[in-house]
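I opened this model to look up helices, contacts and backbone torsions. My notes follow.

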Amino acid sequence: MNEFIPLTWHDTLYLAPELVLAAVFLVLIVTDLLLPQRVNRSIIGWLSLGGLLLSLGFVIWRMMDMNPSGVSAEEAAQAGQVISLLGASYLVDDYGNLLKIIFLIGTSLIVLMALGSTQKDEAVTDKAEFYYLLLPATAGAMIMASSGNLVTLYIGLELLSITSYVLVGLRKGSTLSAEAAFKYVVTGGIASAFVLFGMSYLYGVTGSVSLADFPSALPQAFTDYKALVYVGFFFLIAGFGIKIAAAPFHAWAPDVYQGAPTPISAFLAVIAKGAALAAVFRFLYSSAFFLSGGSKDQVGDDVFFALLVIAAAAMLIGTVSALRQKQSKRLLALSGVANAGYLLVPIAISVTIVHSNNFSEFAFYLVAYLLMNVGAFAVVTVIARSSGHEELKGFSGLYYRAPWTAAAMLIFILSLSGLPITGGFFGKLFILLGAASVKAYWLVAIMAVSTVISYYFYFGIIRQMFMRSNGDEEDVVTVPAVTGVVIWICAAATVALGILPGPLMKWIDTVFSIQADLFVR
Amino acid sequence: MTDLTDLPILSIILVTPLIGLLVVLLLPKHRNRWLQTAAIIATLIPLVLSLWLYADYDKHQGGSAYGEQNAWVEVPLNKETQASNGVTSYTLTFQYDVGIDGLSLPLIILTTLITAMAAFASIYVKKRWKAFYAWFLLLETGVLGVFMARDLFLFFIFFEITLIAMYFLIGIWGYFNRERAANQFVIYNGLGSAIMLIAFILLVNTAGFHIDQETSSFVYSGSYADIFRNLTDPSAWVNLAPDQVGGMNPFHMSDTMQTVIFLLLVVAFGIKLPILPFHTWMLKVHNEAHPAIVMIHSGILLKMGAYGLIRFGIVLFPEQAKDWAVVLASLGLANLLYGALVAFRQTELKLVLAYSSISHMGIVLLGLAAFNEIGLQGAIFQLVSHGLISALLFLIVGSLYERTKTTTLSELGGLARSMPFISGILLAGGLASLGLPGMSGFVGEFLSLLGLFDTQPWIAGFSVLGVILTAVYMLRAVMKTTFGPIDERYLAVKDARLIEALPMIVLLAFILLLGCFPSVLTDTLQYSVEGIFKPLFSSRMGG
């Protein structure tokens, strides 16, 4: 359907964000080789940050170019404001751009966090790699958000995965890190295999790997090869389920998050998870969506229902298994499982006549989740540095030792537990309203119940910080300046979203259109 | 008197404690006296303003003159699936919408009064003063916001602010088992809030939806007024059955759903009230939290439950409330008798008072279940009255504990000898609590039961038994504390200081005022209670 046109020089401009990351990555590898040993590698970190921000600049510029002021998303859709490259295998549209902005801001904050924590971390021997490997990983996430073709999607997925395997194992001095890296390679490999297996079935029945061909090809394929279509979809969901760390595919997450360097845990929790969710979102709405909602039983309805079940399981299993958790990073990993469940809800409830706001809900909660999670991980790095471990009891008496950091952590925890006045509250509220408007009441109930269960361990952290005193080690917690910046950017933005969620939602709504930006044409 | 309606008076009342909070944060942390003074001033200003508001309040007009509305959250929803219908905009709006009426105004005054008195009573806070007063003032804003909010989600946010503030106040400044009490508090009330949120979401998704025909825009609104209007308007989408509009109406609220929402609201607010099986958390809070905090908790926070039940449960779902009135009355009776019987067995003064609160909240439920004007008036009167009385009693408990270091009944006794003033006030408070005519407790109980005799005479008959039991346990507790042989340890203790005596006198004065001149309150209540019931009986219940 889409004629394949090779890239022209002009087209590379559309790919500028990804190309910038790749170029900076290559330059930094060489720089790292040429720089003498005595030079502090934090310079590489700052340069990586520069690369990320440059890429962010390109994305924003592209967005402004594609969304001239005064034009609504619908009008833009009519004007066909989408750049489709290489036979619709790579799409530069508002869906991809919005998510790229989220990924790039998230990774920038994570690089800053790493600059604060990794410099002093003896276990990380190759500090330069630690920074510049984040660039291709982010590029992979961006490719996943922009791909309009299963092969491109898979390339993005692998680029992200393989670099993060390395990043997880970078604390060479720690056996936990090696263990985590090994576990991640194995489960990640299985996930990739599942994804690829599912893709091959879909290719087999439709004869195409392009998402643009699925709407027309799938219904026929479904009547001919019912079982094979089911196999294809469910393997894909299982594979992405592992990447998202949604229950029952979450068992790897606590171990890997615990062993990985903390900034990388944050990267896995936010960017890797977000990218996989983004891929699932676009993929399902170009394929399963066209096989759903009709009068007869169709695979799409089952796929969306399976996703709802996974979301519910993730919320319940994530929160329940976090109840007895005493290690802060494992706790955040399991809370990430529950949050994966919340993030899956807007995707899984599908689009109906009264409710088509799925992407805004998803993106808003992803932003809120990014802020609170990156912030919480940043506080963990601070705690780990002063107490030498990452157990929850390291938080004890934080109020006395670092009152401002304790206050920021309080904001993150309130946001994680979905209490006002934070972005997490409105994020959950919008998702709940969406789920209720499609009458998925059982899901609303499960979300609410799992949120209440989660109070138990979230408030456990608050109790440690504000109500326990730290008897024997009254040491002062020092917060590195860059980490402080990360913590306070996240805290301020979380509160801002909690007081006025309107502007962000409005902005997403004005640039995003389902027809123009989500469906692949 | 200048016209109050020119000023955003409600917002001023709401924001004053927050300004106080900022001042407290700026003061040095070891200056206890400065911090307390700042807190007292920050609570007195809303008190004065709310009394002024009460004087200025025009009973006939209701509170509409003071309402303030501002757009707060306007979220455009994706409308691509609606494009064929020519929908121009599809939005979700929450408003900053505050207002008062005869139902909330007495509770607002109760709040400002009791928090100001609790600020005086905080002299015995021994550590981390700065944080204490910060959370204390935040709590006041939260409670005031709950009583003023006229938007479902604004209400919810203020409700949660009180949850968070109370968690810290219980968990840091309480007695030995404070952390467990705080934990139990947050889990139970968190569950209540979650259930409330589900009910609100269902409401907004059905009754909150309306179509503006002129601009052809679809709106989900969290506004209480909109929801009330839609529910009472037979041509609103929420009331149109699907077959009336050609097969599909996702906004229709079926009878089953109405019952479900009503019951969700009863459970949500019942946990706060507390209704019987959900009461264990509040015993712990009464027993473990600092007395100044228990004053607020028992005096005001429990009232939020009853307020929510009236405002959302009964006003929005009168038919369901009427159908379930027998259940509510039975629960009220259970609360009343269980609280009274168990209070009689307690050996700890604080727990006697805690069970007494359960018992008295039973009377509120009975008044609501009467489902007539007198009963509802009685219930609201009982809320205010019990707020004052329990605040007074816990104020005394705090002062006693500072002197005796115990509140176990068996170790107390004869305190009238060394502390005549405090003992006298305790006796007066006890008498008010057991419903002695001439004090406020009597009026509330009398009106509630009077209303109930009209509609459910059997339950009302049994309830009288509870009133007698109240006298028994209350007098037992007071006698054991003040009369009998005195322990030598307590011979030398001093009577109340001025700063302690002042709030006691003020609270007792209000109790007597309401007892002797109930019309001060009932006049205001009458009009708004009529205002609540009239539209219900005329339009919803068919005459």
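Where is the place of B:R128? I find B:R128 in the loop between α3 (104-120) and α4 of chain B. Before going on, I note that this is a predicted model, where local features need pLDDT of at least 70, side-chain atom pairs count only at pLDDT 80 or more, and totals for chains, interfaces and linings use all residues. Residues are numbered from 1 along each chain as its sequence is written, while chains are lettered from A and ligands numbered from 1 in the order in which they are written. Helices (H or I, at least four residues) and strands (E, at least two) are DSSP runs, numbered from the N terminus.

**Entry 1**

I looked up the torsion of B:R128. Its phi is near 45°, a positive value in a residue other than glycine. B:R128 counts as partly exposed because it has 16 C-beta neighbours inside 10 Å. The scale is this: a residue is buried if 20 or more other C-beta atoms lie within 10 Å of its own, exposed if 12 or fewer, and partly exposed in between, with C-beta atoms placed from the backbone.

Next I checked helix α4 (residues 129-148) of chain B. Its 20 residues should span 28 Å at 1.5 Å a residue, and the end C-alpha atoms are 29 Å apart, which agrees. The expected span is 1.5 Å times one less than the number of residues. In α4(B), 19 of the 20 residues are buried, so the helix is largely enclosed by the rest of the structure.

**Entry 2: α18(B)**

I then went to helix α18 (residues 457-482) of chain B. It has 26 residues and reaches 38 Å from its first C-alpha to its last, close to the 38 Å expected. Its buried residues include B:I459, B:G466, B:Y473, B:M474 and B:K480. The cover over the buried residues of α18(B) includes α12 (325-345), α13 (349-370) and α17 (440-455) of chain B. After α18(B) comes B:G484, with a positive phi near 85°.

**Entry 3: the A-B contact**

I counted contacts between the chains. Here 34 residues of chain A are in contact with 31 residues of chain B; contact means C-beta atoms, placed from the backbone, within 7 Å. On the chain A side, α19 (423-437), α20 (441-466), α22 (502-511) and α23 (514-518) give two or more residues. α20(A) gives the most, with 10 residues. By class, that side has 22 nonpolar, 8 polar and 4 charged residues. Ala, Val, Leu, Ile, Met, Phe, Trp, Tyr, Cys and Pro count as nonpolar, Asp, Glu, Lys and Arg as charged, and the others, Gly among them, as polar.

**Entry 4: α15(A) against α16(A)**

How do helix α15 (residues 328-348) and helix α16 (residues 358-387) of chain A pack, and at what angle? I get about 175°, with the axes 9 Å apart. That makes α15(A) roughly antiparallel to α16(A). Angles under 35 degrees count as roughly parallel, over 145 as roughly antiparallel, 65 to 115 as roughly perpendicular and the rest as oblique. The axes are lines fitted to C-alpha atoms, for helices over the stretch in contact, and angles run from 0 to 180 degrees between N-to-C directions. The residues of this contact divide into 12 nonpolar, 5 polar and 2 charged.

**Entry 5: loops of chain A**

The peptide bond from A:A247 to A:P248 is cis, with omega near 0°. A:P248 is in the loop between α11 (226-244) and α12 (252-259) of chain A. A:A245 lies in the loop between α11 and α12 of chain A, and its phi is near 65°. A:A245 counts as buried because it has 28 C-beta neighbours inside 10 Å.

Definitions and conventions:
Contact = placed C-beta atoms within 7 Å.
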